[in-house]
Amino acid sequence: MFKLKLLTDPRWANIAEGNLGEILTDHAWCEQKATTNAISLINMLPEHPEIITELIAIAQEELDHFSQVHEFIKKRGFVFGKARKDDYVNELAKFVVQGTREDLIVDKLLFAAMIEARSCERFKVLTENIKDEELIVFYRELMISEANHYTTFIGFARQLGDPEKVNKRWEEWLEYEANIIKSYGNKETIHG
């Protein structure tokens, strides 16, 4: 569905499951950042009320995910750690074009779609490879949600930009992301 060029090695799930406190904290902060990203897109699109309505729903859903992960952290007796930087996302952000307003908006939407696509793929790896039944159910639900967010962001990019150019740019994003993700998959972080 996402056409990701390089899939996550299933052994990453073993790394993640080996330090659930760390992966859950990292995940919680990813959800918080996704909330912030949806709000920043709202700020960029004041003339598109229908899109804003959808982005509000995404922001609320991401905040709900943050809350759910935070509850897992508390329930399992882990300590909620400080916010951490996401090197993968920071590397992706370097690829966002700074051209026209339309180019920037389209690329910000594709940037968001890419993060959702990779997160969805990682959640799938978790559901297929960890033993924790409660987390399997949880990550399966989030996988569906992330797939819907990916679809929404791609759809908005095609709505606001020339669909043919957006599709070409998405292919460029896929290539760029494939080069980045080669360096990841060996830490107990969602994108690490």
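Which residues does Ile136 touch, not counting residues up to four places away in sequence? In this predicted model, the residues that Ile136 touches under that condition are Thr127, Ile130 and Lys131. Ile136 itself has its place in helix α6, and with a relative accessibility of 9% Ile136 counts as buried, because the cut-off for that class is under 20%.

The protein has seven helices and zero strands, so that, read from the N terminus on, its elements run α-α-α-α-α-α-α. Taken along the principal axes, the C-alpha atoms fill a box of roughly 45 × 30 × 25 Å. Of the 192 residues, 51% count as buried, and among the contacts with a separation of 6 or more, 82% are accounted for by residues 24 or more positions apart.

The surface and the charges complete this overall description. The protein exposes about 9,500 Å², of which carbon and sulfur atoms supply 55%. Its side chains include 24 that are positive and 33 that are negative, and the centres of these two sets lie 5 Å apart.

A search of the whole structure finds 11 aromatic pairs, and one of them is formed by Phe66 and Phe80, whose arrangement is edge-to-face, with 6.0 Å from centre to centre and 75° between the planes. Phe66 lies in helix α3 (residues 49-75), whereas Phe80 lies in the loop between α3 and α4 (87-93), so the pair ties together parts that are 14 residues apart in sequence. The two partners can also be described by their accessibility: Phe66 is buried, with a relative accessible area of 17%, while Phe80, with a relative accessible area of 28%, is partly exposed.

A second pair is made by Phe123 and Tyr139, and it counts as tilted because the planes of the rings stand at 40°, with the ring centres 5.0 Å apart. This pair links distant parts of the chain, since Phe123 belongs to helix α5 (residues 101-129) and Tyr139 to helix α6 (residues 133-160), 16 residues apart. Both partners are buried: Phe123 has a relative accessible area of 1%, and Tyr139 has a relative accessibility of 2%. Phe123 and Tyr139 also belong to a cluster, in which ring pairs link them with Phe72 and Phe138.

Leaving aside its neighbours within four places in sequence, Arg169 is in contact with Phe95, Val97, Asp107 and Leu110. Of these partners, Asp107 and Leu110 fall within the residue range of helix α5, which is 101-129.

Notes. Residues numbered from 1 in each chain as written. Predicted model: local features only at pLDDT ≥ 70, side-chain atom pairs only at ≥ 80, totals over all residues. Heavy atoms only, no water. Helix = DSSP H or I, 4+ residues; strand = E, 2+ residues; numbered from the N terminus. Buried < 20%, exposed > 50% of the residue type's maximum accessible area, 1.4 Å probe, protein only. Contact = heavy atoms within 4.5 Å. Areas by Shrake-Rupley, 256 points an atom, 1.4 Å probe, with all protein chains shown as cover. Lys, Arg positive; Asp, Glu negative; His and termini not counted. Charge placed at Lys NZ, Arg CZ, Asp CG, Glu CD. Phe/Tyr/Trp six-rings, centres within 6.5 Å; stacked < 30°, edge-to-face > 60°.
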